[in-house]
Amino acid sequence: MSLPRILIPTRQYERKEMMVQFVGEYHLRLVLQHGLMPIMLPSMPEMMPYLEDELATAAGLLLMEGKDIDPTYYPHTAESLRWVRSTSPERDEIELKLLELALAQGIPIFGICRGSQLLNIACGGDLYTDVHNDRPERSVMHIDYDDYHNYRHGVNLVEGGRLARLYGQASIPVNSYHHQSVKTLAPRFEPLAYAEDGVLEAFHDPSADFVLGLQFHPERMQSEHPAHVAIFGEFAAAVRRYEAQSKASSS
Ligand SMILES: [Mn+2]
């Protein structure tokens, strides 16, 4: 039995003075529970020549959280650079190349947190280098180091939009672990949710089956609303449609 494959580029992390690469189990288990095979792709330059072939065998791309994106990839002011924290240039390069290929091929893409920010940048958008300091409007708190996993702020779901339909509510509480956020949304995307301070928290490409970015983490709130799990179901359904379509066109 084989499952449709989705690519998940790994995060880099220093453990006992050695670099390791990993994907969290929330993502892996959710993906498996929805009938997809997670393929963990090392975020290292040695992978560059193989990305096109790896993506050709996949039917979905999942980009998750991590370090700040190198600001050279988006328009920024010299002043805003002071808020940028540590970056992972090797991962940026791998993921931006994967995004370029995936967008061209029409593969379903799910970007969470940093993944959503990268998706926006790949399509011509930009970021606040720090949502609390680089943004003229006063922000609600988007990261709480003292109450990291339990902290919630409200988001308003755009009326009639994909998330409003999925969650069946006008607003939901969400977790928040980000110090950056989308500033200008790339033209191809449509907003789906805003925090109470106007910070964009979700968007998608209305002309694609599933190209979606979330600033919050549904995988870490699974018990709080069935739609936090169902959103992975929608991704999996799109992946299966893509796989069926590409098999039909190759036979
Ligand atoms: Mn937030």
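A: **The manganese site**

Five residues coordinate the manganese ion at 2.2 to 2.3 Å: His142 through ND1, His153 through NE2, Ser176 through OG, His178 through NE2 and Glu201 through OE. Donors here are N, O and S atoms within 2.8 Å of the metal (3.2 Å for Na, K and Ca), and water is not among the atoms, so sites may look incomplete. Along the sequence, the donor residues of the manganese ion follow the spacing H-x10-H-x22-S-x1-H-x22-E. His153 lies in strand S8 (residues 153–157), while Ser176 sits in the loop between strand S9 (171–174) and strand S10 (181–182), so the pair ties together parts that are 23 residues apart in sequence. Helices (H or I, at least four residues) and strands (E, at least two) are DSSP runs, numbered from the N terminus. His153 counts as buried at 5% relative accessibility, and Ser176 is buried with a relative accessible area of 1%. Buried means under 20% relative accessible area, exposed over 50%, and partly exposed in between, with a 1.4 Å probe and protein chains only.

The model is predicted: local features need pLDDT of at least 70, side-chain atom pairs count only at pLDDT 80 or more, and totals for chains, interfaces and linings use all residues. Residues are numbered from 1 along each chain as its sequence is written, and side-chain values use heavy atoms, with hydrogens and water left out.

The largest pocket holds about 690 Å³ of space. It is lined by 29 residues, and those closest to its centre are Arg11, Glu65, Gly66, Tyr148 and Tyr177. On a 1 Å grid over the protein atoms alone, a pocket is an open set of points where a 1.4 Å probe fits, with protein on both sides within 12 Å along at least five of seven lines; lining residues have an atom within 4 Å of a point. Grid points are joined across faces, edges and corners, and a volume is the space filled by probe spheres set on the points. Strand S2 (11–15), helix H1 (25–33) and helix H4 (114–122) each supply at least two lining residues of the largest pocket, with the largest share, three residues, coming from S2.

Finally, the cysteines. The count of disulfides, pairs of cysteine sulfur atoms within 2.5 Å, is zero. The sulfur of Cys113 has its closest cysteine sulfur in Cys123, 18 Å away, which is too far for a bond. Cys113 is buried at 8% relative accessible area, and Cys123 is buried at 17%.
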